[in-house]
Structures are given as structure tokens and as C-alpha cells.
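Here are some friendly notes to read beside the structure.

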Amino acid sequence: MESSSATRRQATRQKLYEAAVTLIAEKGFSATTVDEIAERAGVAKGTVYYNFKSKTELFEELLRHGVGLLTSSLRSAAEETDERGGSRVEALDAMIRAGLVFIDRYPAFTQLYVAELWRTNRAWQATLLVVRQEAVAVVEGVLREGVAGGELSEEIDIPLTAAALVGMVLVAALDWQAFQPERSIDDVHSALSLLLHGRVSGR
């Protein structure tokens, strides 16, 4: 019975996340009301407060949930590459692909996440920093393995390189969706893969 109740609550939370992310992406956090989130989710207003103490807490949990999904997809891509004996560069390439697939599936969340990264006066800034680091840490781990195994140069700055790779995927994907939607995910992945492999200069 408890399992069934927990499943129902998780399903309700998922509906609230989906409603909140689309509304906040459309209108902004301040202009979005709890009533609108409840209406979009198809639940009573009381249901929102049963699951979250406030709109701010809902948004914090939304960030945790969304970035958690991204982190999990990046980690799975690296592990699957490892299981088939792939290199660390191949793992990074697979993570780029996984990131693009995630962004293609959750475009509203990605827009919201990137926008919030630039705002420093939000109540959820600490939460945002934590979840961002969790995602970047997965990439850092693969880079460290590559350096330790002699596959990557010891000269690379691992934290900055990891942040740059994640940022490259986020910004390129948003540009793709906003300005080049006719491109396929394979086109975008191919372009970023060339950057990863250092083959842009033509040398």
C-alpha cells in the first residue's frame, strides 16, 4: 500500500514539475502563480502545498529533479562506453550525445536552467550550485581517468575543461533549437564531436 501511495505521489510531483517548468519558462518565476501551476497540472491548489511548502521549494526541487536526470544520463553514457571497452574520449563523445538527447527531450527545463545560472540573487542559488557541480563532476571524473591513463594531456585544467564541455553542449543545443531547428541531432552531435576531437583546425 505504501509503495502504491509513494508511486502516486511521485506521479503527482512529476505532473507539477512539468507544469511548473513550462509556465516558468513562458512567464518567469515571479509572474507564475501556484494556482496556475495547479491548473496546468490538473490538480487542486492544496495538492501543490501538500507536496511542497512553497513555490520556491517546488522550483528548488524542480532544479534537483531536472539536473539529476541530466547527471544520470551523462553517467550512464560513460558507463556504457566503459562496459564495451571504449576510450575516455569515446565516453566524452557519448556524454555529448546524451546531453543533446536530454536537451531535445526537455527544452523548457534546459532554457530555465541556463537562464538561472546567470542570476545570482535567487533563493535557490545554493541548490543550483550543488546540482550544477554534480553534473560537471561526472565529466571531471572521465577527464581524470583519461589523464591517468595517458589518453589525455596532463596539462588540461580538469574543472575548467569539464565546465567548458557541459557549457558547449548546453549553449549549442539551445542555439540549435532556437535558430537552427531544421538541423538533426546527428548534425549537432557531429559538429561538437569534431570540437572534442580537436579536428576543427584542419591540421
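A word on handedness before the points: a crossing of two helices is called right-handed if the near helix is turned clockwise from the far one by less than a right angle, and left-handed if it is turned anticlockwise.

1. **What you are looking at.** Please keep in mind that this is a predicted model. The protein has nine helices and zero strands, and its pattern along the sequence reads α-α-α-α-α-α-α-α-α. Taken along the principal axes, the C-alpha atoms fill a box of roughly 60 × 40 × 30 Å.

2. Of the 203 residues in the protein, 41% are buried. Among contacts with a separation of 6 or more, 64% are between residues 24 or more positions apart. Several of the single residues below give you examples of contacts to look up on screen.

3. The unreviewed UniProt entry carries the annotation "domain: HTH tetR-type" for residues 10–70. In the model, that span is 80% helix and 0% strand. Its end C-alpha atoms are 18 Å apart.

4. **The annotated DNA-binding region.** The unreviewed UniProt entry also has a "DNA-binding region" annotation, covering residues 33–52. Here the model gives 75% helix and 0% strand, with the end C-alpha atoms 14 Å apart.

5. **Helix 7 against helix 8.** Helix 7 spans residues 125–148 and helix 8 spans residues 158–179; their axes come within 8 Å and cross at roughly 120°. The two helices are therefore oblique to each other, and their crossing is right-handed. Helix 7 contributes Arg132, Val136, Val139, Glu140, Leu143, Arg144 and Val147 to the contact, while helix 8 brings Ile158, Pro159, Thr161, Ala162, Ala163, Leu165 and Val166. Sorted by class, the residues of this contact are 10 nonpolar, one polar and three charged.

6. **Helix 8 against helix 9.** Helix 9 covers residues 185–196, and its axis comes within 11 Å of that of helix 8, with a crossing angle of roughly 150°. An angle over 145 degrees counts as roughly antiparallel, so helix 8 and helix 9 are described as roughly antiparallel to each other. This crossing is right-handed. From helix 8, Leu165, Met168, Val169, Ala172 and Trp176 meet Ile185, Val188, Leu192, Leu195 and Leu196 of helix 9. The contact of helix 8 with helix 9 has 10 nonpolar residues, no polar and no charged ones.

7. **Alanine 173.** This residue is in helix 8. With 0% relative accessibility, alanine 173 counts as buried. Setting aside neighbours within four places in sequence, alanine 173 is in contact with Leu100 and Ile103. Its C-alpha atom is separated by 9.3 Å from that of histidine 189, 16 residues apart along the chain.

8. **Threonine 110.** You will find threonine 110 in helix 6, which runs over residues 107–117. Is threonine 110 buried or exposed? The relative accessible area is 2%, so threonine 110 is buried. Apart from neighbours within four places in sequence, threonine 110 is in contact with Phe102, Ile103, Leu170 and Leu174.

9. **Arginine 88.** Helix 5 covers residues 88–105 and includes arginine 88. Buried means under 20% relative accessible area, so arginine 88, at 9% relative accessibility, counts as buried. Which residues is arginine 88 in contact with, leaving aside its neighbours within four places in sequence? They are Ala78, Thr81, Asp82, Val142, Glu145, Gly146 and Glu151.

10. **Alanine 135.** Helix 7 holds alanine 135, which counts as buried at 3% relative accessibility. Not counting residues up to four places away in sequence, alanine 135 touches Val67, Thr71 and Leu74. The C-alpha atoms of alanine 135 and leucine 69 are separated by 9.4 Å, although these residues are 66 residues apart along the chain.

Note on methods
Residues are numbered from 1 along each chain as its sequence is written. This is a predicted model: local features need pLDDT of at least 70, side-chain atom pairs count only at pLDDT 80 or more; totals for chains, interfaces and linings use all residues. Side-chain values use heavy atoms; hydrogens and water are left out. Axes are lines fitted to C-alpha atoms, for helices over the stretch in contact, and angles run from 0 to 180 degrees between N-to-C directions. Helices (H or I, at least four residues) and strands (E, at least two) are DSSP runs, numbered from the N terminus. Angles under 35 degrees count as roughly parallel, over 145 as roughly antiparallel, 65 to 115 as roughly perpendicular and the rest as oblique. Contact means heavy atoms within 4.5 Å. Ala, Val, Leu, Ile, Met, Phe, Trp, Tyr, Cys and Pro count as nonpolar, Asp, Glu, Lys and Arg as charged, and the others, Gly among them, as polar. UniProt positions are given in the numbering used here, feature names are shortened, and annotations may be inferred rather than shown by experiment. Buried means under 20% relative accessible area, exposed over 50%, partly exposed in between (1.4 Å probe, protein chains only).
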